Amino acid sequence: MREKGNQIAKKFVTFLLVLAMIAGSVVTVPTDVQAASKGKITLKKTSMTMYAGESVKVPVKSVTGVSKSKLSYKADKKIVMVSSKGVITAKKKGNVTITVASKTNGKIKAKLKLTVKAKPAKSTITLAKKSASLTVGKKAAIKVKKVKGLSSKEVTYKSSNKKVATVTKKGVVKAVGKGSATITVTSAVNKKAKAAFQVNVKSASIPVTSITTAPSMTLQTGSGAKIEYSIAPADATDKGVKITSSNPSVVAVIDGGILGVKAGQAIVTVAANNGTGKAKIKVTVKDKVVKVTKIDIHISDTGSGQLETLGYGKEATKQGIDTGKVSNVDTVKIYPSNATDKSIYWISTNPDVVTVDKNGLIKTTGVGECYIYACSCDGGAKSGKIRIQVLNTFTEDEAYQYLRKHPDVDQLWMAVTKSLYLEYADSLAKRNMYFNWSTGSQEGFFEQCDRGSLPGKGRTVYFLNGYYADKEDTKLLGKKMWQWMNVGADYKTTGQRALIDLDDPYKLIYDPNWNPADYE
């Protein structure tokens, strides 16, 4: 029994010793052994390919349980070199395994299988576009189209002038100032492989907000004009405009100006090339104005400038010889015939003698002389002058009484009609007043001259001059009058003077027995 109890006691002691040993071993486990069971190094990829001459960093994705800054790299140095910072430089063709391990616990590690290819003859980067033109504030993206002789398309970007253009890690270019800059695109695995991206930056665009022009214009057919306009704001980037016509058959646009093609109207629009600025001009085209260059007045056979006679007074009004008209087609000729405005107006140099209205109607206002002439309304010309003589028109008795009361007056001048003259010829001859039908105007006798120029109420105006006859003159009996004049070839053979019959004043009667020398 005692022996059996001893054996049980020994077994119990042994059990306690084993427990003690187990407990001791748990407490004294090193920390690096604990970390090994928790730490880990993860790579982005476990295999890759490089060309000799390229450099790339070991693609460590994450490190847990140990310090990332305390990693070691081991590989065949004949094929690659790995720096303390994990940069792999491929030296020559071959296969190699790179071990990445924690410096504090070598059991925490990862492996990268690397294939190194022979160095290519040439390494290049080709861009989708080589340049861009931007305005300040705008952006553009640089895109790598393809690479040759490189194991990776990964590149870096650098601007030659950050005051002009900046670039992100992803190749997004932003224009920041006016000027030019070069963005250098470099391979991430071969610094010698590069490409250039040219950036030209313009100032930010300032649009045209308004255009000011004249609201309307007038042109003649065949004439042109330059469109004058002003732009706001004054510092607009693009001040160019486009000019259009709503009706080119009336107004044509030529070299920034306009041309009147035919009579009519059109709207000409001036619009900004950049911006909302716009202006409209109402253009009216009129037929070309042809001014009057000459006005001819032809009243009688003597033409413009002749003496014209009218009467003044109650008797003149009664006989219708106090008015006249000169504006009919036969008396006024306008040159050139295609003048645009052929209208005229009339002017009297002495309204106290005659007045003349816009229609060429003359009205006597007193006795005397003046001139009238026509002017074109377009200001282009005026006519020659017409001399107007206004004489009193007396009744028979007024003429008789005037001559009796004024014996010192050699002649009495007055305006009469032909019928009035013939009436006076008979009645006044009986009262010792005699008439002379003549263009020679002999002293002491009435004279009548046909003026035939300013027809008023269809009558022809004449004038008379005469005196009261003395006893010697009464020897001229009946209606016979004597006239001092040379009458022409028919009478040169006799050398005699002619007689005039008042019943037919236009008929000359030859009387060989009549000798005017008896009455000198």
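Modeller: The following account begins with the core and then turns to the sheets.

This is a predicted model, in which local features need pLDDT of at least 70 and side-chain atom pairs count only at pLDDT 80 or more, whereas totals for chains, interfaces and linings use all residues. Residues are numbered from 1 along each chain as its sequence is written, and side-chain values use heavy atoms, with hydrogens and water left out.

A nonpolar core is a set of buried Ala, Val, Leu, Ile, Met, Phe, Trp, Tyr and Cys residues joined through side-chain atoms within 4.5 Å. Buried means under 20% relative accessible area, exposed over 50%, and partly exposed in between, with a 1.4 Å probe and protein chains only. The largest such core has 23 residues, and those with the most contacts inside it are Ile 41, Val 58, Val 80, Ile 88, Leu 114 and Val 116. Among the elements that give two or more residues to this core are strand E1 (40-43), strand E7 (87-90) and strand E9 (109-117); strands are DSSP runs of at least two residues, numbered from the N terminus. The largest share, four residues, comes from E9.

Ile 88 deserves attention of its own. Leaving aside residues up to four places away in sequence, Ile 88 touches, among others, Met 50, Val 58, Val 80, Ile 98, Leu 112 and Leu 114; contact means heavy atoms within 4.5 Å. A second, separate core has 22 residues, including Ile 125, Ala 140, Ala 165 and Ala 181. In soluble globular proteins, nonpolar side chains tend to be buried together.

Consider next the sheets. Two strands pair if DSSP finds at least two bridges between them. E15 is joined to strand E16 (residues 172-175) by three bridges, and Ala 165 has Ala 175 in E16 as its bridge partner.

Elsewhere, strand E26 (residues 264-272) pairs in the antiparallel sense with strand E23 (residues 241-245) over five bridges. E26 also pairs with strand E27 (residues 278-286), antiparallel and over eight bridges. In this second pairing, Val 270 has Ala 279 in E27 as its bridge partner. E26 and E27 form a hairpin with five residues between them, and Gly 275 in the turn has a positive phi of about 130 degrees.
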